[in-house]
Each structure stands twice: as structure tokens, then as C-alpha cells.
Amino acid sequence: QVQVVESGGGLVQPGGSLRLSCAASGSIFNINAMGWYRQYPGKQRELVASITSTGRTNYGDSVKGRFTISLNDAKNTIYLQMNSLKPEDTELYYCNANGLSGGQWFDRWGQGTQVTVSS
């Protein structure tokens, strides 16, 4: 069974920085991609940033130039460096991991970590 666990959320002032971490663990043969998403009340989860095992990245328009995603593939862990945070970045951030485990495809979500940007 694959598990995905996020950490690093918290309260920060506007203009500040936070670093989120997400680790996938279990019987993982290989990771295809991992990413961060956030969900506003009443809306679908939207992409914040994603990264493939080959290092290809994709960012949501609202975070381009401010957030950076990176991958430690040896640890099946991704990091999201968030700079120049704005109040509108306040939300529950979810991590997703997908790939192969025990010969089968998996697609797992974490429980989420809260990011609050406020003075």
C-alpha cells in the first residue's frame, strides 16, 4: 500500500516564504509523477505544480515565478518552495503521487497541509 504524507504548512505573513514536503512510501516500483494541488471551497482541485520522474515541471499560472517544485527521486519526495506568498495562496494543499506498485498503477492523495498567508 502506497502512502503519501505532506508536511511544512503553517502561517506566514504576506511576502513571506514556506517550504512544503511530500513523501511517498510503500512498495513503490517507480514514481511517474508527483505534484501539489489546492482546492478552494466549492471548486475543483487546481494544479499548483507537478514534476515527472524525468524532471519535467508544470506550474499553475497563478504561481509561476513564485513557486518552485523539486524532486528527490531517491527518497520519493518532492518539495515546494513558495516565495512571495499572497493572501490568496491561503488554502489546503494536497500532494498527489502516481506510478507503479506491485505491478499495478497507483494514484494516491495525501491528507493535505494548511497554508495560511495573513498579517
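**Note on the strands, the disulfide and a surface patch**

1. Start with Trp 105. Trp 105 sits in strand β10, which covers residues 104-109. This is a predicted model. Trp 105 counts as exposed because its relative accessibility is 53%, and exposed means over 50%.

2. Together with Phe 29 and Leu 100, Trp 105 forms a nonpolar patch on the surface. The accessible area of Phe 29, Leu 100 and Trp 105 together is about 380 Å².

3. Now turn to strand β5. Strand β5 spans residues 46-52 and is mostly covered. Of its seven residues, five are buried.

4. Look at the pairing of β4 with β5. Strand β4 takes in residues 30-39 and runs antiparallel to β5. Six bridges join β4 and β5. Take Arg 38 as an example: its bridge partner in β5 is Glu 46. The hairpin of β4 and β5 has six residues between the strands. Gly 42 in this hairpin takes a positive phi near 80°.

5. Next comes the pairing of β5 with β6. Strand β6 covers residues 57-59 and is joined to β5 by three bridges. β5 and β6 also run antiparallel. Here Ser 50 has Asn 58 in β6 as its bridge partner. The hairpin of β5 and β6 has four residues between the strands. In its turn, Gly 55 has a positive phi of about 95°.

6. Which cysteines form a disulfide? Cys 22 and Cys 95 do, with their sulfur atoms 1.9 Å apart. The link of Cys 22 and Cys 95 is left-handed, with -85° about the S-S bond. This pair links distant parts of the chain, 73 residues apart. Cys 22 lies in strand β3 (residues 18-25), and Cys 95 lies in strand β9 (residues 91-101). Both Cys 22 and Cys 95 are buried. The disulfide count comes to one.

7. Check the backbone at two loop residues. Most residues other than glycine have a negative phi. Asn 76 is not a glycine, yet its phi is positive, near 50°. Asn 76 is in the loop between β7 (67-72) and β8 (77-82).

8. Ser 84 is the other residue to check. Ser 84 has a positive phi of about 50° although it is not a glycine. Where does Ser 84 lie? Ser 84 is in the loop between β8 and β9. Its relative accessibility is 39%, so Ser 84 counts as partly exposed.

Key:
Residues numbered from 1 in each chain as written. Predicted model: local features only at pLDDT ≥ 70, side-chain atom pairs only at ≥ 80, totals over all residues. Heavy atoms only, no water. Patch = residues over 30% accessible without salt bridge, like charges linked within 9 Å, V, L, I, M, F, W, Y side chains within 5 Å. Areas by Shrake-Rupley, 256 points an atom, 1.4 Å probe, with all protein chains shown as cover. Salt bridge = Lys/Arg side-chain N within 4 Å of Asp/Glu carboxyl O. Buried < 20%, exposed > 50% of the residue type's maximum accessible area, 1.4 Å probe, protein only. Pairing = 2+ DSSP bridges. Disulfide = S-S within 2.5 Å.
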